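Subject: Model handover, with notes on helix packing

Dear colleague,

I am passing on the structure below, followed by notes on what was found in it. Please read the notes with the coordinates open beside them.

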Amino acid sequence: MREETIHLRPTAPLAERVVLPGDPGRALLLAQHILSEPRMFNHNRGLWGYTGTAADGAPLTVQSTGMGGPSAAIVIEELVLLGARRLVRAGTCGALEAELELGDLLVVDDAIGDDRTSQSYGDGGPLRPDSGLTDSLRSAGSSGSRSGRVVSSDLFYSADPSEDRESAWAAAGAVAVDMETATLFALAARRGVQAASVLGVSDLIAPGTKRKRIDVEGLEAVGERLGSLCSVALSGEPA
């Protein structure tokens, strides 16, 4: 296996299990929250990553993916090349279902790829996570999280404000939208690694409702909850 990578330049060991926030700032927050003695794993291109010891006493890496499928694909490909085998996305999403509230956690059952990156890897159908890791996320979240289908999109802001993307996504069964989960699932299936995703609701964008955005303090609290959930879910033995 080739161990030289272009975008990730490791300065510390990589754990086989990895938590994947998109935001480098959230990577730092999670590293401080769930790792003992974290060491910077990567800082190249502003894609901050850290390796330390999780609560179960085993190594765990937190590595940011950046925004969108193309950036996430590069990071995930290189992590797998370096030896990552169990990956969980700890990201944010916009809620398409009115019952979801700001700060809710959503364990992803499957993902629709409405983005070019996942479509390049996948077969066009709903993309599924590893069942064991996903069950572990549900168990770790207990009554404090929901589960459902998400859609991943290339665009954070709509290219055509008159286009009702949200209604079309909701009609396809998606309860939330993000930018990276479909790419993670498609790539994991291609590379033979385990992957799952849990998302915190940062925006309310359900069709026909007033749009709302979480505040800074709420977003930080969501990040800490995501980190704790991922750490617990990854503490089990791989299937």
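**Helix contacts and selected residues**

In α4, the residues Leu133, Ser136, Leu137, Ala140 and Gly141 meet Leu229, Cys230, Val232 and Ala233 of α7, where contact means heavy atoms within 4.5 Å. By class, these residues divide into 7 nonpolar, 2 polar and no charged, with Ala, Val, Leu, Ile, Met, Phe, Trp, Tyr, Cys and Pro counted as nonpolar, Asp, Glu, Lys and Arg as charged, and the others, Gly among them, as polar. Helices (H or I, at least four residues) and strands (E, at least two) are DSSP runs, numbered from the N terminus.

Before going further, please note that this is a predicted model, in which local features need pLDDT of at least 70 and side-chain atom pairs count only at pLDDT 80 or more, while totals for chains, interfaces and linings use all residues. Residues are numbered from 1 along each chain as its sequence is written, and side-chain values use heavy atoms, with hydrogens and water left out.

Two packed helices are described by the angle between their axes and the distance between the axes. Here the axes are lines fitted to C-alpha atoms, for helices over the stretch in contact, and the angles run from 0 to 180 degrees between N-to-C directions. For helix α4 (residues 131-141) and α7, the axes come within 8 Å and cross at roughly 125°, which makes α4 oblique to α7; on this scale, angles under 35 degrees count as roughly parallel, over 145 as roughly antiparallel, 65 to 115 as roughly perpendicular and the rest as oblique. The crossing of α4 past α7 is right-handed, a term used if the near helix is turned clockwise from the far one by less than a right angle, with anticlockwise giving left-handed.

Helix α7 (residues 216-233) also packs with helix α1 (residues 24-34), at an angle of about 55° and with the axes 9 Å apart. That makes α1 oblique to α7, and α1 passes α7 in a right-handed crossing. On the α1 side the contact is made by Arg26, Leu29, Leu30, His33 and Ile34, and on the α7 side by Leu219, Glu220, Gly223, Glu224, Gly227, Ser228 and Ser231. The residues of this contact divide into 4 nonpolar, 5 polar and 3 charged.

A further pair is helix α2 (residues 69-82) and helix α6 (residues 181-191), whose axes come within 10 Å and cross at roughly 30°. The two helices, α2 and α6, are therefore roughly parallel to each other, and the crossing of α2 past α6 is right-handed. Gly69, Ala73, Ile76, Glu77 and Val80 of α2 make the contact with Thr183, Leu184, Leu187 and Arg191 of α6, and by class it has 5 nonpolar, 2 polar and 2 charged residues.

Leu187 and Ile76 are 111 residues apart in sequence, yet 7.8 Å apart in space, C-alpha to C-alpha. Glu77, which lies in helix α2, is joined to Arg191 by a side-chain polar contact of 2.9 Å; a polar contact is a pair of N or O atoms within 3.5 Å, of which, within protein, one must be able to donate a hydrogen and the other to accept it, and residues adjacent in sequence count only if both atoms are side-chain atoms. Leaving aside neighbours within four places in sequence, Glu77 is in contact with Tyr121, Leu187 and Arg191. As for α6, 8 of its 11 residues are buried, so the helix is largely enclosed by the rest of the structure. Gly192 follows α6 and has a positive phi, near 70°.

- Arg17, in strand β1 (residues 17-20), counts as buried at 7% relative accessibility, and its side chain reaches the backbone oxygen of Ala58 at 3.1 Å.
- Glu37, in strand β2 (residues 36-42), has a positive phi of about 50° although it is not a glycine, and Glu37 is exposed, with a relative accessible area of 72%.
- Arg45, in the loop between β2 and β3 (49-53), has a positive phi near 60° and is likewise a residue other than glycine; at 64% relative accessibility, Arg45 counts as exposed.

With best regards

Definitions and conventions: Buried means under 20% relative accessible area, exposed over 50%, partly exposed in between (1.4 Å probe, protein chains only).
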